[in-house]
Amino acid sequence: MKHGHFLGSWKGCALRFGVWIVIAACPMSAQALTQDELDASIDLWNMSGSSDYDYFMQRSCFCQRDYIRPGVVEVRSNVITAVTDAETREPLDTQPFLTVDGLFEELQNAIDAPAFDIRAEFDSTYGYPTSFSIDFIERVADDEIFYAARDLSIVTKPGDFDGDG
């Protein structure tokens, strides 16, 4: 009987080990960006009161060429008023570009989806996303999208001597 007990214990151990291997091998969502982190960055951006600014934006994805061109985005009253090609200085169509609020919306949509993996870095002064990547579906090629945003400068209005917009 003792031999049967040993065999039973061994089988039980092997079964538990096998279940652990299966669980460990199953993909888990690697959502690195949390809702709290996004909310904190949005709050920091909103505290800046910035509605007039210029910044560099580039998207990288398996998209049309117009969607991946680097541009200097001009935003006035939270609306894109112009985009200039960062390399040629030629005017670009504004449609493929986003305001900072639009960048936050992309991240929120990815959290809500939920995307498989979201990685983001934010500016420590204003809170806007400086870079982020979204992998919507694990093990699906070419669904990833990357954004870079940098060189944000707040545009002060005439007569605004303290730079608060």
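## Briefing: a buried aspartate and a helix pair

With a relative accessible area of 16%, D117 falls under the 20% cut-off, so this aspartate is buried. Please keep in mind that the model is predicted.

**Overall layout**
- Reading from the N terminus, the order of elements is α-α-β-α-β-β-β-α-β-β-β.
- The chain has 165 residues, and 29% of them are buried.
- Of the contacts between residues at least 6 apart in sequence, 52% link residues at least 24 apart.

**Around D117**
- Strand β5, which covers residues 117-122, is the element that contains D117.
- The side chains of D117 and R119 meet in a polar contact at 2.9 Å.

**Helices α2 and α4**
- Helix α2 spans residues 35-48 and helix α4 spans residues 100-112; their axes come within 11 Å and cross at roughly 165°.
- That angle is over 145 degrees, and therefore α2 and α4 are roughly antiparallel to each other.
- The crossing in which α2 passes α4 is left-handed.
- On the α2 side, the contact is formed by Q35, L38, D39, S41, I42 and W45, while α4 brings in V100, D101, F104, L107, Q108 and I111.
- Sorted by class, this contact of α2 with α4 comprises seven nonpolar, three polar and two charged residues.

Conventions: Residues numbered from 1 in each chain as written. Predicted model: local features only at pLDDT ≥ 70, side-chain atom pairs only at ≥ 80, totals over all residues. Heavy atoms only, no water. Helix = DSSP H or I, 4+ residues; strand = E, 2+ residues; numbered from the N terminus. Buried < 20%, exposed > 50% of the residue type's maximum accessible area, 1.4 Å probe, protein only. Polar contact = N/O pair within 3.5 Å; in protein donor to acceptor, adjacent residues only side chain to side chain. Axes fitted to C-alpha atoms, helices over the stretch in contact; angles between N-to-C directions. Parallel < 35°, antiparallel > 145°, perpendicular 65-115°, else oblique. Left-handed = near helix turned anticlockwise from the far one by under 90°. Contact = heavy atoms within 4.5 Å. Nonpolar A, V, L, I, M, F, W, Y, C, P; charged D, E, K, R; others polar.
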